[in-house]
Amino acid sequence: MDNAVSLLRAECPLVHCITNYVTVNDVANAILAIGGSPIMADDIAEAGEIAAVSRALVINIGTLNARTVESMAAAGKAANEHGVPVVLDPVGAGASALRCQCVDRLLREVKFSIIRGNLSEVSYIAGYESRTKGVDSGLTAADADPVRVASAVADRFGAVTVITGAVDTVVGSGRIARIKAGCAEMGKVTGTGCMLSGITGAFAGAVSDPFEAAVAAAVSMGIAGEMAYERTKDIGTGSLRTAIIDALSRMDDAVIRAHGGISYEER
Amino acid sequence: MDNAVSLLRAECPLVHCITNYVTVNDVANAILAIGGSPIMADDIAEAGEIAAVSRALVINIGTLNARTVESMAAAGKAANEHGVPVVLDPVGAGASALRCQCVDRLLREVKFSIIRGNLSEVSYIAGYESRTKGVDSGLTAADADPVRVASAVADRFGAVTVITGAVDTVVGSGRIARIKAGCAEMGKVTGTGCMLSGITGAFAGAVSDPFEAAVAAAVSMGIAGEMAYERTKDIGTGSLRTAIIDALSRMDDAVIRAHGGISYEER
Amino acid sequence: MDNAVSLLRAECPLVHCITNYVTVNDVANAILAIGGSPIMADDIAEAGEIAAVSRALVINIGTLNARTVESMAAAGKAANEHGVPVVLDPVGAGASALRCQCVDRLLREVKFSIIRGNLSEVSYIAGYESRTKGVDSGLTAADADPVRVASAVADRFGAVTVITGAVDTVVGSGRIARIKAGCAEMGKVTGTGCMLSGITGAFAGAVSDPFEAAVAAAVSMGIAGEMAYERTKDIGTGSLRTAIIDALSRMDDAVIRAHGGISYEER
């Protein structure tokens, strides 16, 4: 799909996020930068109502609590009833019993269009052994195969599944995309994964095929990270954070085409 | 009033904010930048106590929940009892039943000195038909007249009422100010409205006339946005956000006088 | 200790933070910048579990509420049981009855390795008279002696006690360090104290002696503030904030040795 960014900017989809308070500002600014319109609303009294009128819902469990888990479930069900695509970011899945129970429940009660996490988080969902150290990527399950893990999740839950890492893996029904974009230094800025999940929601609200939405989001975020690092590598990670939003705000389809780095295969 | 900024910097008023977690950091930094001292406290056990010793209270319902709505009401009442001016930012009023009920209740239970929102939010308060898409400005009620809407709210609730947009409208008792400052790109940074409400509280804590406080805040924010956009228009919206705080931290009365763009009329 | 930063970067300790939502993003990015791995988790159902597997726990009461106070206590107890060092940042202690009660309770139920606050906050803990205006430093108790106040807290609670100000004071068992680093403009960025508490946790997770950890953190933060101010003094406080994280991400032991500014004495 060669025009995902221009389509997104033309549509300016409303993206409802129930997300963590650590990175919520960056998620909102990333969604605005790529062309969407974010709304954060996590009270159970309005979560379903807002989700129902949004073009996408993003559920991120990074700072979940007993109150917001209920709102996540309610918003997810309302989105499902109204045909609104739902993105799950299972931050820290496997790191605590609460996170495991929350993810298990959401996967039972809500149909997700796209699930995006790091290898350890998605391995938990796949049912593989996964010991997690904190919420950061690349710390465990290093020997697992992302395509195998993502395929297991995609098949079991019927969701396009994205595992981000040095190479991002996107697995849909019958299709795999591998995306070589981004840089390791993005891991030194909190919330690059959350921002990616946020813009994945924005693309999913504008692009009808969730596989194409997930690929467009991952490549946009990766390129933004590369551009930002190039600008700020001699400055530091505070500037890298700002530059990632800058790059997202200037992203366009021509930049993505010129970058390349996406390979597709059937499965 | 030609010395609002210097007065604010001399007074350094304590500004109590019960505000949303999306933009709270920018609100705090904006208040510091313009010369105030922010304190965020939203538990019902301390909200009234903190409000009572503050110089201004800012209530922003952007990520309201059942718990914080009670704190907003309690803080507002305590502020009223102690003569502390209260600013309302009715983020997303009209977007959900919860937000409508919250705004209705706050307007019944608390006397506001200043109400600031976009046209859609203030139209809801005015009782006009208003369908809201998300929390962003300019999306609906585009054909309504800001002066008419703001005047209805000002008259009904006895509050200086500010509607921000391409031109900001400030309506007080017998007075109208129109402020031409700012730029459309500010809408690509989350929280420029929240920041404005925050610094409106700071000015209200130092300047005795809420109409003058509201005008000074709106023109300061608008100029900061223009200066920031001038510096960052070839860079991106991440840098624009940072540059807005930069510009607020360097704002002074001479810059405001030199800018102009404020016109007054009676009503 | 001449290799604290390199040790921290080599260890990359997991740092569990229950902290306020105003500055949580900067705290996370500061911990990442200095070489740690932050995790924010404040639900009572997981707070103890996460604390138990972390290398340090940081409790910051900046936006405490009835729910999170319970989580702070539970996490603190779990950390104590598992030998995980705990850092307390008593934001606004003395500013409300709730904050006083919370601090009193935490000090009864949890053994802290390090307590870090401004003079007014630590004076409250010391039991001295302290009237607090908001959460900012330097506003009251200006005539008190930091060494006397910190020593009283260190002796009573058996915790390394840090009072930050124009000169930072670190008091341990039998030792005092005075650190001349940083600049007044850091007070114009919200959360520099919170960031310092966060990286204090990171150092405490890598350096076995909490006194050395506290000194390394304070000097790192102070130098970062100086470097950042030097770069941004003609720009503004938005850029100062970003530059502080930049400087932390480039901090190393050689920079600290070259800076000097630390003096030690016995007590």
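**Helix packing and chain contacts in a predicted model**

In helix H6 of chain B, the buried residues are Leu119(B), Ser120(B), Glu121(B), Val122(B), Ser123(B), Tyr124(B), Ile125(B) and Ala126(B). H6(B) spans residues 119–126, and eight of its eight residues are buried, so the helix is largely enclosed by the rest of the structure.

The corresponding stretch of chain A gives a closer look at one helix pair. Two packed helices are described by the angle between their axes and the distance between the axes. Helix H6 (residues 119–126) and helix H7 (residues 146–157) of chain A have axes 9 Å apart and pack at an angle of about 45°. H6(A) and H7(A) are therefore oblique to each other, and their crossing is left-handed. On the H6(A) side, the contact consists of Leu119(A), Val122(A), Ser123(A), Ile125(A) and Ala126(A), which meet Pro146(A), Val149(A), Ala150(A), Ala152(A) and Val153(A) of H7(A). Sorted by class, the residues of this contact come out as nine nonpolar, one polar and no charged.

Further along chain A, another pair turns up. Helix H9 (residues 210–232) and helix H10 (residues 237–249) of chain A have axes that come within 8 Å and cross at roughly 130°. That angle makes H9(A) oblique to H10(A), and the crossing is right-handed. From H9(A), the contact takes in Ser220(A), Ala224(A), Gly225(A), Met227(A), Ala228(A), Tyr229(A), Arg231(A) and Thr232(A), while H10(A) brings Ser239(A), Leu240(A), Ala243(A), Ile244(A), Asp246(A), Ala247(A) and Leu248(A). Nine of the residues in the contact of H9(A) with H10(A) are nonpolar, four are polar and two are charged.

H10(A) also reaches across to a neighbouring chain. Its axis and that of helix H10 (residues 237–249) of chain B come within 6 Å and cross at roughly 125°. H10(A) and H10(B) are therefore oblique to each other. Here Thr242(A), Ala243(A), Ile244(A), Ile245(A), Asp246(A) and Ser249(A) of H10(A) meet Thr237(B), Gly238(B), Ser239(B) and Thr242(B) of H10(B). This contact between H10(A) and H10(B) has three nonpolar, six polar and one charged residues.

Zooming out to the whole interface, 27 residues of chain A are in contact with 27 residues of chain B. Helix H2 (24–34), strand E2 (37–40), helix H3 (44–53) and H10 of chain A each give two or more residues to the side of chain A that touches chain B. The largest share of that side, seven residues, comes from H10(A). By class, the side of chain A that touches chain B divides into 16 nonpolar, five polar and six charged residues.

Two copies of a chain are related by a rotation about an axis and a shift along it. Chain C is superposed on chain B by a rotation of 120° with 0.0 Å of shift along its axis, at an RMSD of 0.0 Å. That is the relation of a three-fold axis. In chain C, the C-alpha nearest the axis belongs to Tyr21(C), 3.7 Å from it. Only 11% of the interface residues of chain C are also interface residues in chain B, so the copies meet through different surfaces.

Methods:
Residues are numbered from 1 along each chain as its sequence is written. Chains are lettered from A and ligands numbered from 1 in the order in which they are written. This is a predicted model: local features need pLDDT of at least 70, side-chain atom pairs count only at pLDDT 80 or more; totals for chains, interfaces and linings use all residues. Axes are lines fitted to C-alpha atoms, for helices over the stretch in contact, and angles run from 0 to 180 degrees between N-to-C directions. Helices (H or I, at least four residues) and strands (E, at least two) are DSSP runs, numbered from the N terminus. Angles under 35 degrees count as roughly parallel, over 145 as roughly antiparallel, 65 to 115 as roughly perpendicular and the rest as oblique. A crossing is left-handed if the near helix is turned anticlockwise from the far one by less than a right angle, and right-handed if clockwise. Two residues are in contact if their C-beta atoms, placed from the backbone, lie within 7 Å. Ala, Val, Leu, Ile, Met, Phe, Trp, Tyr, Cys and Pro count as nonpolar, Asp, Glu, Lys and Arg as charged, and the others, Gly among them, as polar. A residue is buried if 20 or more other C-beta atoms lie within 10 Å of its own, exposed if 12 or fewer, and partly exposed in between; C-beta atoms are placed from the backbone. Copies are superposed by least squares on the C-alpha atoms of residues with pLDDT of at least 70 in both.
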